[in-house]
Amino acid sequence: MRGSRSFTLSMKKPSGVCPVAFFFALSGGAFSWACPLLSVSMLAILCFLAELYDGFLMAKCKMNTRTKIKICGFTRSDDVRSAIDAGADALGFVFYPPSPRYVSPAAAAQLLAGLPPFVMSVGLFVNAGVDEVVAVLAQAPVQMLQFHGDETVQQCHQIANAVNRPFMRVFRVKPDTSAEDLLEYEAQCRAHGPLFSGLLLDTFVDSFGGSGKVFDWSLIPKELAPRVVLSGGLSVQNATDAVSRVRPFAVDISSGVESAKGIKDAVKVHAFIAAVRLADNQG
């Protein structure tokens with residue numbers, strides 16, 4: 001019929017919209033022509049319900065904090081791509097020649113070229129001097145440094161300032177390490193300058209590099225846990241428990257997702273990330 005109007009009312013609730021508020025929205029629209037006062041009342045109820053629902057969503061997001069995941073010791077481009085596809089937040093490259101996971105600066109530069117935006121690249125150094133780190137970053141410009149040797153706090157800051165990069169300091173936890181030791185060392189690192197990013201907690205062993213062994217997680221004070229990177233003996237089997245118990249800012253793994261030293265196992269990488277996300281969702 002000429003001049004007639006027709007419309008289709010979708011009854012499908014949009015994703016993320018409060019179900020009760022959606023019902024009132026439909027009802028208010030249907031009855032607004034018959035009773036303006038009722039429409040105004042429903043609008044007020046709708047606004048109130050929307051605020052409650054937004055508050056619920058925000059609280060849920062805060063409870064389900066997303067733990068960052070760093071995977072270290074890359075030597076092959078296929079492994080880099082696989083880790084990125086699996087959802088890794090940061091990739092580590094070892095610039096310590098004695099390590100079986102050592103990668104030359106030239107090779108690392110090729111691996112870095114495959115990193116997309118917002119995936120952090122981290123360079124691991126052990127007792128390297130300023131000139132050595134400067135030379136490495138001239139070829140392989142990683143975004144963050146990780147000091148894993150006997151460097152003093154002052155030396156870490158000196159090197160970081162020379163290349164203008166933030167850094168993590170590895171603290172190798174011993175059986176007699178106390179919560180006060182960890183808090184005091186973090187305070188020292190932070191007091192020397194703004195480039196200190198945080199502590200990476202690993203298990204103490206005689207050699208440098210990843211230990212592949214677990215330390216007593218109860219030694220980590222609760223007030224420090226949300227700022228640390230947890231490492232040391234993590235695996236697919238214990239990742240969910242580790243994140244659930246410690247609630248660290250991030251986790252770091254190397255040997256736990258390998259088929260051989262320096263060779264990542266794509267199945268283990270995916271499984272480890274899934275295990276961490278399981279703990280996040282349970283939080």
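## Salt bridges around E258

K264 and E258 form a salt bridge, with their closest N and O atoms 2.9 Å apart. A salt bridge here is a side-chain nitrogen of Lys or Arg within 4 Å of a carboxyl oxygen of Asp or Glu. K264 is buried, and E258 is too. Buried means under 20% relative accessible area, exposed means over 50%, and partly exposed lies in between (1.4 Å probe, protein chains only).

E258 also forms a salt bridge with R101, where the closest N and O atoms are 2.8 Å apart. This pair links distant parts of the chain, 157 residues apart. E258 sits in strand β9 (residues 258–260), and R101 in the loop between β2 (90–94) and α4 (105–112). Both E258 and R101 are buried.

## Model and numbering

This is a predicted model: local features need pLDDT of at least 70, side-chain atom pairs count only at pLDDT 80 or more, and totals for chains, interfaces and linings use all residues. Residues are numbered from 1 along each chain as its sequence is written, and side-chain values use heavy atoms, with hydrogens and water left out.

## The chain as a whole

The protein chain has 9 helices and 10 strands. Helices (H or I, at least four residues) and strands (E, at least two) are DSSP runs, numbered from the N terminus. Of its 283 residues, 45% count as buried. The accessible surface comes to about 15,100 Å², and carbon and sulfur atoms hold 60% of that. These areas come from the Shrake-Rupley method with a 1.4 Å probe; for residues, only the protein chains shown count as cover.

Contact means heavy atoms within 4.5 Å. Among contacts in the chain with a separation of 6 or more, 58% are between residues 24 or more positions apart.

## More salt bridges

The count of salt bridges is 12. One of them joins the side chains of D252 and K70, at 2.9 Å from N to O. D252 lies in strand β8 (residues 250–253) and K70 in strand β1 (residues 68–72), so the pair links parts of the chain 182 residues apart. D252 counts as buried because its relative accessibility is 5%. K70 counts as buried because its value is 4%.

R66, D89, R277 and D280 are linked in a network of salt bridges.

## Helix packing

Helices α8 (residues 239–246) and α9 (residues 266–282) cross at roughly 35°, and their axes come within 8 Å. Axes are lines fitted to C-alpha atoms, for helices over the stretch in contact, and angles run from 0 to 180 degrees between N-to-C directions. From α8, A239, T240, V243 and S244 take part in the contact. Their partners in α9 include F272, V276 and D280.

Helices α5 (residues 130–139) and α6 (residues 153–163) pack at about 35°, with axes 9 Å apart. V130, V133, V134 and L137 of α5 meet Q158, I159, A162 and V163 of α6.

## The loop at P226

P226 is in the loop between β6 (196–203) and β7 (229–230). P226 counts as partly exposed because its relative accessibility is 47%. Setting aside neighbours within four places in sequence, P226 is in contact with R247 and F249. The C-alpha atoms of P226 and P248 are 4.7 Å apart, although 22 residues separate the two along the chain.
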